[in-house]
Amino acid sequence: MAKQEKEQKDITKEAVKEQAEYTPPVQPDFLRETIKQKPVNKKKLLRRTVITVVMAVVFGLVACITFLVLEPVISNRLYPEEEAEEVQFPEETATEEMKPEDMLVEEEPEQVVEIVQAELEDEQIEELLSQVQFGLNDYQLLYEELAETAQAAGRSVVTVTSVISDVDWFNNIYENEASASGIIVANNGKAILILVSAGTISGEESLIVTFCDQSTVSAELVQKDTVTGLAILSVPLVSIKEETMDVIDIATLGSSNNSSLLGTPVMALGSPMGTSGSVCYGMVTSVGTVIDQPDSAYKTILTDIYGSRNATGVIVNLKGMVIGIIDNVNTSNDMGNLLTAYGISELKRTIEKMSNDKERAYLGIHGTDVPMEAGEELNIPQGAYIKGIEMDSPAMAAGIQSGDVVIRINETPITSYNELLNVLYNAKPEDVLTFVLMRQGREMSAEVTLGRW
């Protein structure tokens with residue numbers, strides 16, 4: 001046993017000695033490897049980043065343009081939008097005269113009608129007049145009736161406020177506001193159209209319309225008329241509350257060509273005193289004065305109503321019908337602050353054009369009718385007499401001169417200046433019209449290429 005243990009110990013010692021003396025084999029140089037990281041190419045990385053960003057921007061722009069182009073088409077296919085109706089006013093076929101009995105009451109007792117129609121002697125008339133008594137209560141009732149008519153007509157009157165931003169000397173931003181009274185002239189199924197003086201909304205940044213119930217909405221300019229200084233504004237129906245739609249009304253346009261208009265009582269609504277919502281009563285003192293402006297024959301209505309020089313609004317008769325648009329620009333200096341208005345009959349064509357946003361043809365002439373006396377004594381044919389020509393106008397370019405009488409345009413005979421304006425109203429810019437003229441007893445023609453305002 002002792003011998004075996006001794007041999008075992010020897011074997012163990014030799015194993016430990018061999019393990020201590022062992023050294024690993026040395027590897028050759030060609031088998032050694034060193035792993036190194038590849039260096040980053042910053043220029044290449046930056047170039048790839050820029051390309052990626054540019055491609056993303058291009059993709060975004062293409063997507064936006066595609067959406068903008070296709071969105072209206074898809075929306076119209078899915079939700080077809082109704083087109084706006086064309087605004088048209090009925091033609092005045094006959095002169096509507098207001099009788100004295102229509103000014104105060106709509107119906108009269110049969111007894112009064114019989115008395116007015118009967119032939120009475122002077123003694124009977126004096127006896128009847130002595131029985132008539134007109135007291136303060138009757139006077140008050142009369143003005144109450146006028147106030148009710150003004151209130152009903154005022155449902156179509158609006159106030160248009162233009163807000164203009166400006167900068168003072170110290171670079172502080174402030175806002176200027178200018179207002180004018182207008183009227184609702186039409187509803188084309190998509191928007192409410194408002195007629196207002198354009199002088200107060202020039203250079204506007206925003207337009208606010210205030211209705212008779214004091215509700216406010218934003219409006220957009222449709223078209224301006226440089227001759228009359230009027231403009232048409234549009235208020236989308238979707239922006240007007242139902243409560244407001246139940247209250248407001250479209251103005252009833254009457255006639256300013258009534259033979260009995262002179263001397264009749266009228267009311268001025270809007271801002272006749274320079275403040276919104278003011279009302280004035282008065283009488284028509286003059287009608288039929290034609291304003292000398294190119295391609296037009298607008299007539300004025302003069303009243304004895306003393307108002308503001310900056311008055312805006314409308315003149316209505318006792319039936320609540322609009323017969324004039326207040327504009328004191330054409331008031332003579334000796335008339336002071338008496339209110340003057342454009343007659344509504346001559347304005348209807350212009351309002352239609354502006355409401356439908358149609359371009360108006362420009363000729364550039366001042367004209368009038370040929371007087372009957374001149375036609376008989378001087379053997380001048382009936383037509384449109386040319387009083388003057390605008391400089392650099394289509395009429396001047398075509399060779400039309402002052403003193404010419406237009407007797408035919410294309411195949412349409414012309415017997416008055418108003419008929420010439422009707423042809424011009426139905427024409428479009430760039431249309432070529434053949435004017436047949438009488439000049440010093442000779443007939444000649446001229447081709448006119450119409451321009452645009």
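**Figure 1. Overview of the predicted model.** The secondary structure of the protein comes to 10 helices and 20 strands; helices (H or I, at least four residues) and strands (E, at least two) are DSSP runs, numbered from the N terminus. The model is predicted, so local features need pLDDT of at least 70 and side-chain atom pairs count only at pLDDT 80 or more, while totals for chains, interfaces and linings use all residues. Residues are numbered from 1 along each chain as its sequence is written, and side-chain values use heavy atoms, with hydrogens and water left out. Of the 453 residues in the protein, 36% are buried. Buried means under 20% relative accessible area, exposed means over 50%, and partly exposed lies in between (1.4 Å probe, protein chains only). Among contacts between residues at least 6 apart in sequence, 61% join residues at least 24 apart; contact means heavy atoms within 4.5 Å.

**Figure 2. A barrel closed by six strands.** The barrel has the strand order S7-S8-S9-S12-S11-S10, with antiparallel pairing. From one strand to the next, the twist averages 40 degrees. Two strands pair if DSSP finds at least two bridges between them. Strands of a sheet pair through backbone hydrogen bonds, either parallel or antiparallel. Val 314 stands opposite Ile 325 in S11.

Figure 3. Helix H5 (residues 136–153) lies across strand S7 (265–271) and strand S8 (278–290), and runs at about 45 degrees to S7. Helix H7 (residues 344–355) lies across strand S9 (299–306), S11 and strand S12 (338–343), and runs at about 55 degrees to S12. For such angles, axes are lines fitted to C-alpha atoms, for helices over the stretch in contact, and the angles run from 0 to 180 degrees between N-to-C directions.

**Figure 4. Ser 278 in strand S8.** Ser 278 is found in strand S8. Is Ser 278 buried or exposed? Ser 278 counts as buried because its relative accessibility is 12%. A polar atom of its side chain lies 3.4 Å from the backbone nitrogen of Met 273. With neighbours within four places in sequence left aside, Ser 278 is in contact with Ala 268, Leu 269, Gly 270, Ser 271, Pro 272 and Met 273.

Figure 5. H7 is largely enclosed by the rest of the structure, because 11 of its 12 residues are buried. Among the buried residues of H7 are Ile 344, Leu 347, Ile 351 and Met 354. Just after H7, Asp 357 takes a positive phi of about 55 degrees. Two packed helices are described by the angle between their axes and the distance between the axes. The axes of H7 and helix H10 (residues 417–426) come within 12 Å and cross at roughly 5 degrees. H7 is therefore roughly parallel to H10; angles under 35 degrees count as roughly parallel, over 145 as roughly antiparallel, 65 to 115 as roughly perpendicular and the rest as oblique. H7 contributes Arg 349, Glu 352 and Lys 353 to the contact, and H10 contributes Asn 418, Leu 421, Asn 422 and Tyr 425. The residues of this contact divide into two nonpolar, two polar and three charged. Here Ala, Val, Leu, Ile, Met, Phe, Trp, Tyr, Cys and Pro count as nonpolar, Asp, Glu, Lys and Arg as charged, and the others, Gly among them, as polar.

Figure 6. Strands S4 and S5 run antiparallel and are joined by four bridges. Ile 208 has Ser 218 in S5 as its bridge partner. The hairpin of S4 and S5 has five residues between the strands, and Gln 214 takes a positive phi near 70 degrees there. Ser 215 lies in the loop between strand S4 (206–210) and strand S5 (216–224). Ser 215 counts as buried because its relative accessibility is 18%. Its side chain makes a polar contact with the side chain of Thr 244 (3.0 Å). A polar contact is a pair of N or O atoms within 3.5 Å; within protein, one must be able to donate a hydrogen and the other to accept it, and residues adjacent in sequence count only if both atoms are side-chain atoms. S5 is also joined to strand S6 (residues 230–236) by four bridges, and the two run antiparallel.
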